Amino acid sequence: MRGAKPKLVVDNGAVKKAPPAPSWMSADAKREWRRVMPILVQRRILTTADLGSLENYCTAIGQVREMERHIQEHGHVLEVFKENEDGDMVCLGLKRNPAVGIQADAMTRARLLAAELG
């Protein structure tokens, strides 16, 4: 993100009580909601119009954590196999685990949304 950070101002229409995390969120996203919601309510900068951005931020953080677990279990690279004429599996080489790209995209989204939310 380029330029100056936006100046945060207290909004008289700010959310005064933390709503519960949406039921459709993953467990990781709900944990992030419960972590940041009290901070945003206390700062009085979160309005009902911002709740969609907060949902997206928490969802992105949830994806980052889910992909990290996947990467730790399966690695950053995966072996690619193909069955040959004899029915044996032959390794064709390595490829990047798609979870690495998904995680990187989610990290970028989370960072941008976090800046919006203050």
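Guide: The axes of helix H1 (residues 27-43) and helix H2 (residues 51-74) come within 8 Å and cross at roughly 135 degrees. This is a predicted model: local features need pLDDT of at least 70, side-chain atom pairs need 80 or more, and totals for chains, interfaces and linings use all residues. Numbering starts from 1 along each chain as its sequence is written, and side-chain values use heavy atoms, without hydrogens or water.

Visitor: Why are H1 and H2 called oblique to each other?

Guide: Under 35 degrees counts as roughly parallel, over 145 as roughly antiparallel, 65 to 115 as roughly perpendicular, and the rest as oblique. The H1 and H2 axes cross at roughly 135 degrees, so the two helices are oblique.

Visitor: What classes of residue make the contact of H1 with H2?

Guide: Contact means heavy atoms within 4.5 Å. Among the residues making it are Trp 33 and Leu 40 of H1, and Tyr 57 and Ile 61 of H2. By class, the contact has 10 nonpolar, 2 polar and 7 charged residues.

Visitor: Which side chain does Asn 97 join through a polar contact of 3.5 Å?

Guide: That of His 70. Also, a polar atom of the Asn 97 side chain lies 2.8 Å from the backbone oxygen of Gly 75.

Definitions and conventions
Axes fitted to C-alpha atoms, helices over the stretch in contact; angles between N-to-C directions. Helix = DSSP H or I, 4+ residues; strand = E, 2+ residues; numbered from the N terminus. Nonpolar A, V, L, I, M, F, W, Y, C, P; charged D, E, K, R; others polar. Polar contact = N/O pair within 3.5 Å; in protein donor to acceptor, adjacent residues only side chain to side chain.
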